[in-house]
Amino acid sequence: MAGNLAETLIGAVVLVVAALFLAFAYSSSGARVIDGYELYAKFDRVDGLSPGNDVRLSGIKVGTIVEQSLEEDTFFAVIKMEIDPKIKLPEDSSAKITSEGLLGGNYLALEPGGADELLGPGDEITITQGSVDLLGLISQAVFSISGGKKSDGDS
């Protein structure tokens with residue numbers, strides 16, 4: 001009976017330590033949902049971007065991707081994001097989908113413009129750049145290099 005009690009107490013301690021570790025990891029990861037105003041942006045391609053990804057300004061998280069949908073008449077991808085209410089973006093700001101590195105995840109990078117008018121809740125960022133297809137670029141470079149060489153039998 002004493003062995004069962006000791007095993008139960010050790011199991012409880014392990015569970016408490018695991019819960020504390022998860023709470024610490026979550027709080028230090030910066031994975032928080034920004035509660036702010038909504039902005040929209042349309043892109044030709046949003047490969048690798050999904051709800052929950054960061055929206056960053058100068059490398060600092062200022063928002064979160066909330067939703068993505070397809071505009072049926074133009075076939076553009078529409079991204080809905082929540083931006084921190086302390087961040088006021090000029091109306092000529094731009095949005096670009098970029099990656100954290102070759103193997104990193106994608107995020108939405110904002111570049112503030114210089115206009116006097118500011119974007120408000122529900123406005124659209126009109127200057128956008130979609131994601132880059134790295135595999136397509138690599139294969140295009142490989143095939144263009146191998147396709148440009150002549151063999152010894154060619155004149």
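A salt bridge here is a side-chain nitrogen of Lys or Arg within 4 Å of a carboxyl oxygen of Asp or Glu. Strands are DSSP runs of at least two residues, numbered from the N terminus.

A word on the model. It is predicted, so local features need pLDDT of at least 70, side-chain atom pairs count only at pLDDT 80 or more, and totals for chains, interfaces and linings use all residues. Residues are numbered from 1 along each chain as its sequence is written, and side-chain values use heavy atoms, leaving out hydrogens and water.

Back to Lys80. Is Lys80 buried or exposed? Lys80 is buried, at 17% relative accessible area. Glu38 is partly exposed, at 26%. The cut-offs: buried is under 20% relative accessible area, exposed is over 50%, and partly exposed lies in between (1.4 Å probe, protein chains only).

How many salt bridges are there in the whole structure? A search finds 7. Asp54 pairs with Lys61 in one of them, at 3.4 Å between the closest N and O atoms. Arg56 and Glu100 meet in another, at 2.8 Å, N to O. Arg56 lies in strand E2 (residues 54-57) and Glu100 in the loop between strands E5 (94-99) and E6 (106-111), so this pair ties together parts 44 residues apart in sequence. Salt bridges with shared partners join Asp54, Arg56, Lys61 and Glu100 into one network.

Conventions:
Helix = DSSP H or I, 4+ residues; strand = E, 2+ residues; numbered from the N terminus.
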